[in-house]
Amino acid sequence: MSQANEPAVAGPRDYFGGRLNLEQQKKRAKELLKAVRDGDADAGGRWELHHPKGAAADRQLADAQLVIARENGFLSWPRMKAHIDTLRIARQRIEAGRPRIPDSSEMVHIRCGEDIRHSLKVAGFSGAFVEFSDPYCQGPVPRLDRPAFLDKRSEFIVSGYDRSLKDTRDRLEAEYGAVDALGAGDRATLWFEHDSYDQLILARLLAHFSRLDERPELQMICVGEVPGVQGFVGLGQLQPEVLLWLWENELKPVTEGQLALGVEVWDALTDPDPTELSRIARDGTPALPLMAPALQRHLRELPSVRTGLGLTQELSLSILAGAEGQSLPAGRVFQALMTRHEPLPFLGDLMFWHVLKDLADSTEPVITPDPETADLAWPKRVYTLEDTGRRVLAGEADFLTIAGMSRWVGGIEIRPRQRSWRWDEGAETVVMA
């Protein structure tokens with residue numbers, strides 16, 4: 001973090017769906033060229049950053065087009081144009097009701113949510129869809145046998161997200177059961193992105209499949225960026241034809257090394273001692289390069305050695321601290337967090353609401369709700385940062401000394417007013433304090 005009252009800026013992110021328009025990109029290139037020729041400093045900085053010849057490059061339209069292509073994630077303007085043409089043709093087939101069917105009815109698509117279910121169908125995929133969305137990035141992930149583990153997860157989801165116990169347990173049983181049913185002779189595709197929500201679920205699935213005597217044929221799409229999508233957040237933001245492009249360009253068989261890494265990560269995640277998880281994050285995960293950054297982001301939810309806050313808590317208070325009057329509706333805080341300040345977005349809306357409730361339930365007021373908005377839907381409820389919250393942000397008070405309830409980070413229970421595993425941001429490691 002920077003200064004206590006200056007929220008770190010990680011965005012902006014606009015959740016663009018990947019449907020680039022060639023005419024719009026041509027216009028952007030002309031505008032960039034004019035701005036550079038007029039001496040605009042920001043345009044010059046973009047030019048120098050993305051053109052291979054830097055500031056020495058000729059100031060011609062073709063050079064500006066190269067800069068625009070590089071900003072969009074392509075090596076050249078012709079490659080970007082070819083990509084746009086490919087997506088346009090796929091979209092035309094989809095809109096005409098004649099999509100090319102890329103898979104078969106025997107394929108099972110596994111995703112940690114429902115966000116791409118409809119888009120896959122629109123894109124022409126015919127396989128079954130299985131949602132496996134137990135959010136291990138929040139709540140207890142202890143090392144227990146299956147029934148006790150699901151009991152613990154159900155209790156958290158019910159209390160944290162205001163769900164009914166029966167519906168929650170039935171849903172978990174159905175999701176775990178659908179994955180358990182896959183074995184020899186089956187084919188499955190795992191669809192995942194780079195954040196901790198996805199990567200922790202991916203680790204559990206890989207660990208599960210690794211331990212089977214007879215496993216299904218597994219393949220995977222696992223991406224942290226998509227050409228043409230600046231500030232990529234997740235697969236759910238993408239247009240159907242872009243999901244089809246990923247299938248044709250990013251689909252890879254799951255390897256033995258990835259299965260073994262899943263076992264290693266899952267065992268470390270469920271350990272009440274995070275030392276091994278921290279080592280994995282620090283050393284890197286070549287078999288799945290996106291895993292290590294996600295693990296480090298997960299570990300940053302441990303209490304900070306400076307403030308006693310997890311990173312989501314700290315960013316949320318900082319956003320309030322930067323607001324005029326230091327009051328904002330909860331939905332505005334969530335929007336700012338996800339679009340500008342979170343370095344690796346992973347939270348859903350109810351997950352963020354759980355974070356706010358934890359912050360408000362302290363023995364000394366850190367944030368307080370406006371009673372006049374108490375009966376509104378939670379995104380419209382207004383919260384104010386209190387003096388204690390400012391002191392915690394400044395490192396003058398430790399949130400763990402005033403926290404109202406326990407919380408979990410993976411297999412670690414963090415209890416108020418007790419020694420705990422913490423995250424040392426300077427050393428980028430875990431410590432007991």
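The largest pocket holds about 880 Å³ of space. Here a pocket is an open set of points on a 1 Å grid over the protein atoms alone, with protein on both sides within 12 Å along at least five of seven lines. Its volume is the space filled by probe spheres set on the points, which are joined across faces, edges and corners. This is a predicted model, in which local features need pLDDT of at least 70 and side-chain atom pairs pLDDT 80 or more, while totals for chains, interfaces and linings use all residues. Residues are numbered from 1 along each chain as its sequence is written, and side-chain values use heavy atoms, leaving out hydrogens and water.

**The largest pocket**
- Its lining (residues with an atom within 4 Å of a point) counts 36 residues, and Cys112, Ser133, Tyr197, Gly348 and Met351 are the closest to the centre.
- Helices H6 (146-161), H7 (165-180), H8 (196-210) and H15 each give two or more residues to this lining; helices are DSSP runs of H or I with at least four residues, strands are E runs of at least two, and both are numbered from the N terminus.
- H7 gives the most, with 5 residues.
- By class, the pocket lining has 15 nonpolar, 8 polar and 13 charged residues (nonpolar: Ala, Val, Leu, Ile, Met, Phe, Trp, Tyr, Cys and Pro; charged: Asp, Glu, Lys and Arg; polar: the others, Gly among them).

**Enclosed cavities**
- There are 2 cavities of 30 Å³ or more, a cavity being a set of points where a 1.4 Å probe fits but cannot get out.
- The largest cavity has about 80 Å³ of space, and its lining includes Gln313, Asp358, Phe399 and Arg407.
- That lining is made up of 6 nonpolar, 2 polar and 4 charged residues.
- The second largest cavity has a volume of about 40 Å³, and H10 (256-269), H12 (291-299) and strand S10 (407-410) each supply at least two of its lining residues.

**Aromatic rings**
- The model has 12 aromatic pairs, meaning rings of Phe, Tyr and Trp (its six-membered ring) with centres within 6.5 Å.
- Trp353 and Trp378 are stacked because their ring centres are 5.4 Å apart and their planes meet at 20° (stacked is under 30 degrees, edge-to-face over 60, tilted the rest).
- This pair links Trp353 in H15 (residues 349-360) to Trp378 in the loop between S8 (367-369) and S9 (382-385), 25 residues apart.
- Trp353 is buried, at 7% relative accessible area, and Trp378 is buried at 12% (buried is under 20%, exposed over 50%, partly exposed in between, with a 1.4 Å probe and protein chains only).
- Ring pairs join Phe334, Phe352, Trp353, Trp378 and Tyr383 into a cluster.
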